[in-house]
Structures are given as structure tokens and as C-alpha cells.
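Visitor: I am new to this structure. Please take me through one part of it closely, and then through what else there is to see.

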Amino acid sequence: MKFKIVPTRQYDISKFTKGEQEIWVHVNWGYCEADELNEYSSDLFEDCTSIEQVQKVVDDAVSKCKTVTKNTDLDNYEEYWKDSLETDVYDSAELGEALKLDYEVLLNTTSSGGTNCEIIFHKNVSDEEFNKELDDDGEIITLEDAANNWRDEVLSNDGWLESTDTYYQAPLKVVNVLSEKEQAELEASAEYQFDNNESAKRWASKINILFMDKKLETAEVEKLQKQLGNVKQEDLDLILRYYEKKHGDTEFKGGGIKKIDNTSKIEFLKNLKQ
């Protein structure tokens, strides 16, 4: 069994220090890659035989941790974390300890697409020092601009030392990692291809709206038929496959469980080919 622990949001705080001075830069990422785990990654997972059981272990561990607003062991707790309003955010180091994982498992080791960064805390750094001019490969910028734009090399050249802490926002979701064969089968399925095809989803939505009315107007049917004449055949084939796959499944609708009946939609799409 292979899985990943994925937070609702993951971000870093780069801490730049020079003697008694500190500058914290909050870095949000567009993408973070979680480490692949298995039942042997922690003693807590050894008896788990399903993703649901692993999820319960993770949920129990999180419930025993302190959010950053209550974790008095964090650096500058009184000055920053106590009033940060991060009520559902946890230090990854504490989460890792609670889950009995190796220290580096929950750290940010692979990320990309930084969406934004900004100074969120500083200590013993005056306005005059923030306005100090630094050389960024021929471009003159201030210390404040270098920090706000996470120009770590510029700060390093000015004598600032950097360390990084990673933070997770709850809830944490345990995600199943498929084998190559399972992944290939998933990607070949109508549901997967449909969910990843915006054109097919858009036209299926129009078909669904049309067939919500039990008394179909001929003019409306003909109008949609004409519009679908300009749609790629592969998208129409995918919609048909999707309807056929879902036909007969159950769904919760109108306060109860009902079978999905796609008969009319399937016939409508098949008639387009004639």
C-alpha cells in the first residue's frame, strides 16, 4: 500500500538572521510534491490495511498536536504566532513527531510555482536598514525589496543566514498512490478522461440541462443538435462513453438514492451519428 499525506495548504517561512536581527518571509507555493509513504514508514501505520485506516491514524495524530497559535515552543511565539490567526495551521516538525515519521518526510523538498511571498515578521531591523541598498547582479534594490521578493542570494551576499520551516494547514488528506498499471487503467477510463476534458464537460452540461425537461421542445433539440455539429467527434464519443458508464449507477438525489437513467441522452448522442 502506497500513499501520500497531502495538506489543504502547504507553505514555507524562510527565516533570515544576522546576529540578533531576523526577517521572516512567507512563501506560498503553487505546487508541492508530497513524499510517497507506505505502511512501514511509521510504526503507527503497520497495522493499517486500507487508506481509510491510515486516514484515521493521521486524523488522531493531528488532534494531539497544537496549532501554531497555541504552540508556545515556536520561536517568537508571543511576538508573532500567538496572534497570527493561523488557527488550523501546524508546524510540520510537530506533525512528523506525532506521526512517528522521519524528520524530513514532511519538509518541503520539491516545490515550484511560488505564487507570492512577503515579509510577515521582523525583529531588530530598523526602517533605515530596510532601505539599505544592495546589488542584485547589477540592479540596485533595497534590503526590504530583496526580502519581499525572496532574493535569497542577495540577502546571503549581505551576510544573512537562511533557514526554512514548513507549515501544513489541516485537514490533511491521505491519498492513494497507484501503481503504473493502476494509473494507466485510471487514465484510460471514461470518468478520468471526462473529468479532464473541459470541452466534453461543457457540452455534457448543455445536454443535461436539455434533458432535465421531460417535455422536450423540438426546436431546442434541433438547436443543440446543430451546435453539436461543430464539436470534435472525439469529445462527443467521450461524452457517450461517460453516459454509458454512469448509466445504472446510483446517486443521492431528492432526499433519496436513485438509479441514473441516461437512456435518452445515450440515444440522443447515437442519433447524431446517423
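Visitor: Between which two helices is Trp150 found?

Guide: Trp150 sits in the loop between helix H4 (143–148) and helix H5 (152–157). Helices (H or I, at least four residues) and strands (E, at least two) are DSSP runs, numbered from the N terminus. This is a predicted model, in which local features need pLDDT of at least 70 and side-chain atom pairs count only at pLDDT 80 or more, while totals for chains, interfaces and linings use all residues. Residues are numbered from 1 along each chain as its sequence is written, and side-chain values use heavy atoms, with hydrogens and water left out.

Trp150 is not a glycine, yet its phi is positive, at about 50°. Its relative accessible area is 27%, so Trp150 counts as partly exposed (buried is under 20%, exposed over 50%, partly exposed in between, with a 1.4 Å probe and protein chains only). Lys100, also a residue other than glycine, has a positive phi near 55°. Lys100 belongs to the loop between helix H2 (92–98) and strand E5 (111–123). Another backbone feature is the cis peptide bond between Ala170 and Pro171, with omega about 5°. Pro171 is part of strand E8.

A nonpolar core is a set of buried Ala, Val, Leu, Ile, Met, Phe, Trp, Tyr and Cys residues joined through side-chain atoms within 4.5 Å. This core has 22 residues, of which Ile5, Phe45, Val58, Leu95 and Leu101 touch the most other members. H1 gives the most to this core, with 6 residues. Leaving aside residues up to four places away in sequence, Phe45 is in contact with Phe3, Ile5, Asn38, Glu39, Val54, Val57, Val58, Leu99 and Leu101 (contact means heavy atoms within 4.5 Å). Another core, of 20 residues, lies apart from this one and has Leu224, Leu228, Val231 and Phe268 among its members.

Glu86 is buried, because its relative accessible area is 14%. Its side chain makes a polar contact of 3.0 Å with that of Tyr11. A polar contact is a pair of N or O atoms within 3.5 Å; within protein, one must be able to donate a hydrogen and the other to accept it, and residues adjacent in sequence count only if both atoms are side-chain atoms. Beyond four places away in sequence, Glu86 touches Arg9, Tyr11, Thr67, Val68 and Thr69.
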